[in-house]
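This briefing goes through a few local features of one protein model. Keep the sequence and the 3D view open while reading.

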Amino acid sequence: MFQLSISLPSASRITIISEPCGSMMEYLTMMGIASCYWWHLFVSINVQNSFGRWVSERVNKEDVTTYSNGDHELSSSVEALISAMKAIRAEWFKMLASLYPPFSFSPDLQNHYLYNSSEYGLLEIHSRLSQTFREGRTLPLGYRRKQLLQVARLVQENCDAIMASLKADLGRHPFEATLPELGPMVSSALHAVENLDKWNSPEKPQVEAWRSGWDTTIFKAPKGTVLSISPWNFPWVLTILPLIGAIAAGCTCLIKPSEHAQASAALMAKLISQYLDPDAYAVCLGAVEETTHVLSLKWDHIFYTGSTSVGRIIAEAAAKQLTPVTLELGGQSPVFVDGDSTNIEIAAKRILWGKQQNAGQVCVAPNHVFVQEEHQSALVEAFRKAYDSFWPMGPLDSSSEMARVVNARHYERNKNLLSRTKGKVVIGGQTGQNLRIEPAIITGIKLDDPLMEEEIFGPILPIIPVANVDAAISHIQSGSTPLVIYVFTENEETKNKFVERTQSGQLILNETFAQVAVYEIPFGGQGQSGYGSYLGKYSFDAFTHQRGYINVPADARTEGFMQGRYPPYSAPALAFFSQALKAKIPDA
């Protein structure tokens, strides 16, 4: 426990009490005075916010001057406050480095992170990134290529530290860190380098013959200075893949990682400032207050990955500035298991594998399973067989190394769902220490069950029996548009029904989760599950403006052709330009 009390003139008083917090590295900002990691900071202050902002700037900029127009007593108190804040800050970063050795922060880096998260710092960053773009420094393909290669090096040279951050935030096994996060970041950066020239090449669309001399072109123009707000569940890959698209497109970018993946966010801020051009790419740490301020600034594109509720807030903030947005949200992604024409054991294994990834905390995780009533028992037994093969000693045994729920709030939310459901837990569902919960398979679920109120986003999998494929499709149609629909079937008629009669961001047959590795197709939602897409070239497209261009020759021949459009208008000219109205319309 640390306590600091400073008395100021006019009975103003600042009391600072700090103590270790349960969820490590929780980030708070207090009245604009100081930013901190790993400690709760409770402040009572009876001075105006302008004073707090002034102190914050001095703490971060190492510039102590007199705020009170010569009042020596106040000046001395302010200097004492600033010195105390620096000492506390040093202790926070010292604790961070001691608990996680890969995270070492020099005094310069400490100042950099805290300053970047202050209101003054964010304004300066926005101005710097915007100026870099306006100067055209990110336009040369050689510059972009270098930055993309630096992204790949950032991951390769710091893979152990990145794995440690994922272990700290989410309890991830190295396999679950490498397969969905580290590997795709390196391969995506290298893929962008290999295709950079092709993606940025102007397109020459085929045009009608009478416009063949107009040099009709589509240029690939970067949108400008962009903002990327990423989630906590896959904190690295869902931050870096959009960044790769922004770099390849020639944009400058501010990254706002989630405050709930605090070890990852801190390491990310350190590494990006070391590996990438700080005049073009920066990281803002913080929580709601910092995000709110960032959203008040004018951006040329906002890329957000996260919940639907926050997505609405992002879209509303962007609309005030007429800023285009990519929203990668989530939703209740259903599964249909066609017991009449699929291998139920393979289906169960693949569904359970997709569900247990990151303890079910995945936007594309199977949310619930529809299966014909007569095949429900067989599916449950297939889940049991897969369950025992995945975790011979049980999911909560230390040998299983299954990921944990991100924090106590989400842990209690999952426990509450298990207690409220009207269904029967037939497999798993036990809770353990360190925020871990056994994947739960639950039967007897109806559409009005508490488990079906919203996206589960945890290790709980309800099974809903239906009469047939048409009943399953009807249930899916009645809900909001999901991010993905999974279908396990070998029946062509069933496949076609899902293609033609359902809507979703993606439709995946006979697999779960693996579609996120297929960068040749766009990944994104529809309706409630978001809009816009990315992965591979689609990441480049998300941050690129398709800029149309023509160059109409100013010669006598072309001008003669154009002559009829000028006033005074004539009947022959009208007849000539009305030819399109008389075109023959073919029969259907």
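A residue counts as buried when its relative accessible area is under 20%, as exposed when that area is over 50%, and as partly exposed in between. The model is predicted. The points below cover a pair of helices, one further helix and its surroundings, and some backbone angles.

**Backbone angles**

- Most residues other than glycine have a negative phi, and most peptide bonds are trans.
- E401 is not a glycine, yet its phi is positive, at about 50°.
- The relative accessibility of E401 is 32%, so this residue counts as partly exposed.
- E401 sits in the loop between α13 (376-390) and α14 (408-420).
- N358 also is a residue other than glycine with a positive phi, in this case near 55°.
- N358 belongs to the loop between α12 (344-356) and β13.
- With a relative accessible area of 0%, N358 is buried.
- Between P567 and P568 the peptide bond is cis, and its omega is near -5°.
- P568 is located in the loop between α18 (556-562) and α19 (571-577).

**Helices α5 and α7**

- Helix α5 spans residues 141-157 and helix α7 spans residues 174-200.
- The two helices pack with their axes 8 Å apart, at an angle of about 170°.
- An angle over 145 degrees counts as roughly antiparallel, and α5 and α7 are therefore roughly antiparallel to each other.
- On the α5 side, the contact is made by L141, R144, R145, L148, L149, V151, A152, V155 and Q156.
- On the α7 side, the contact is made by L182, M185, V186, A189, L190, A192, V193, L196, D197 and N200.
- By type, the residues of this contact between α5 and α7 comprise 14 nonpolar, two polar and three charged.

**Helix α15**

- Which residues of helix α15 (residues 469-478) are buried? They are V469, A472, I473 and I476.
- Viewed down the axis of α15, these buried residues fall within an arc of 95°, so they line one face of the helix.
- The elements that cover the buried residues of α15 include the strands β12 (334-337), β13 (368-372), β16 (460-466) and β17 (484-488), together with helix α16 (492-501).
- At the start of α15, a side-chain oxygen of N468 comes to within 3.1 Å of the backbone nitrogen of D470.

Notes:
Residues are numbered from 1 along each chain as its sequence is written. This is a predicted model: local features need pLDDT of at least 70, side-chain atom pairs count only at pLDDT 80 or more; totals for chains, interfaces and linings use all residues. Side-chain values use heavy atoms; hydrogens and water are left out. Axes are lines fitted to C-alpha atoms, for helices over the stretch in contact, and angles run from 0 to 180 degrees between N-to-C directions. Helices (H or I, at least four residues) and strands (E, at least two) are DSSP runs, numbered from the N terminus. Angles under 35 degrees count as roughly parallel, over 145 as roughly antiparallel, 65 to 115 as roughly perpendicular and the rest as oblique. Contact means heavy atoms within 4.5 Å. Ala, Val, Leu, Ile, Met, Phe, Trp, Tyr, Cys and Pro count as nonpolar, Asp, Glu, Lys and Arg as charged, and the others, Gly among them, as polar. Buried means under 20% relative accessible area, exposed over 50%, partly exposed in between (1.4 Å probe, protein chains only). The arc is that of the directions from the helix axis to the C-beta atoms. A polar contact is a pair of N or O atoms within 3.5 Å; within protein, one must be able to donate a hydrogen and the other to accept it, and residues adjacent in sequence count only if both atoms are side-chain atoms.
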